[in-house]
Amino acid sequence: PILVFAAVLPWQFFSSALSESSASLIGNASLISKIYFPRLIIPCAAVVTSLVDFLITLGMLAVLMFWYGFAPGWQLLAMPLFILLTIGLSVGLGLFIAALNVEYRDFRYVVPFIVQFGIFISPIAFTTASVPERWRTLYALNPLVGIIDGFRWCILGGGHTLYWPSLAVSVVGGFFLLLAGIWYFRRTEQTFADVI
């Protein structure tokens, strides 16, 4: 149960943050059209709300670990880094999709599909080690693979190994998506009040 719960934690945080931030601009349309303020705040606030939910769920994991008599090792100190990676990935994709939602209203129907599909291509109920070696590099192109493996490594310690190529993809991919999301959001931000 701890193995699966350790993977559900970052996945739930990411999917909730992505769903909330991508719909945040449409949900606050009246606010955007009335006054000017940095619109970047709205999707970022949605991610912060999801972070609070994540921290509550993290407390539930602590209770589960206590119930099973499992104590994490020193690797737990690295968890804030993986939380930051998840935040960066969520904000980047959230900004990109939020801007697309304003411009193309039907795009909001794509987000639930992305979230549902993402759970099947992420190592939630299995580990990356169970993926055949010849497919592992291709599988690691999903930026959530490195993040989920990192969470498991932080919680399970030596009982779980990190697959370094997937971690590298998560860091580079998350950083790239964050920059691309901010760039696209800033580029389309001037038209939000007119389009909304």
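Because the model is predicted, local features need pLDDT of at least 70 and side-chain atom pairs count only at pLDDT 80 or more, while totals for chains, interfaces and linings use all residues. Residues are numbered from 1 along each chain as its sequence is written, and side-chain values use heavy atoms, with hydrogens and water left out.

## Overall fold

The chain has nine helices and zero strands, so that reading along the sequence gives the pattern α-α-α-α-α-α-α-α-α; here helices (H or I, at least four residues) and strands (E, at least two) are DSSP runs, numbered from the N terminus. For 196 residues, a compact globule would have a radius of gyration near 16 Å, and the 18 Å of the chain agrees with this; the radius is taken over C-alpha atoms, and the globule rule is 2.2 Å times the number of residues to the power 0.38. Along the principal axes, the C-alpha atoms fill a box of roughly 55 × 40 × 25 Å.

Of the 196 residues in the chain, 46% are buried, where buried means under 20% relative accessible area, exposed over 50%, and partly exposed in between (1.4 Å probe, protein chains only). Among the contacts with a separation of 6 or more, 80% are between residues 24 or more positions apart, a contact being heavy atoms within 4.5 Å.

## Surface and charge

The chain exposes about 10,300 Å², and carbon and sulfur atoms supply 74% of that area, which comes from the Shrake-Rupley method with a 1.4 Å probe. There are 9 positive and 8 negative side chains, and the centres of the two sets lie 1 Å apart; Lys and Arg count as positive and Asp and Glu as negative, without His and the chain ends, and the place of a charge is NZ of Lys, CZ of Arg, CG of Asp or CD of Glu.

## Aromatic pairs

The structure holds eight aromatic pairs, in which rings of Phe, Tyr and Trp (its six-membered ring) have centres within 6.5 Å; planes under 30 degrees apart count as stacked, over 60 as edge-to-face and the rest as tilted. Two of the pairs are set out below.

| Pair | Centre to centre | Angle between planes | Class |
|---|---|---|---|
| Phe96 and Tyr184 | 4.9 Å | 50 degrees | tilted |
| Phe126 and Tyr139 | 6.2 Å | 45 degrees | tilted |

Because Phe96 lies in helix 4 (residues 79-103) and Tyr184 in helix 8 (residues 164-188), their pair ties together parts that are 88 residues apart in sequence. Phe96 counts as partly exposed at 33% relative accessibility, whereas Tyr184 counts as buried at 11%.

In the pair of Phe126 and Tyr139, Phe126 stands in the loop between helix 5 (110-120) and helix 6 (133-139), and Tyr139 in helix 6, 13 residues apart. Phe126 is partly exposed, with a relative accessible area of 30%, and Tyr139 is buried, with 15%. One aromatic cluster is formed by Phe13, Phe54, Phe82 and Phe151.

Val91 is found in helix 4 and is buried, with a relative accessible area of 13%. Leaving aside neighbours within four places in sequence, Val91 is in contact with Cys44, Val47 and Leu178. Val91 and Ile182 are 91 residues apart in sequence and 8.6 Å apart in space, C-alpha to C-alpha.

Ser90 also has its place in helix 4 and is buried, with a relative accessible area of 0%. Not counting residues up to four places away in sequence, Ser90 touches Phe14, Ala17, Ser21 and Val47.
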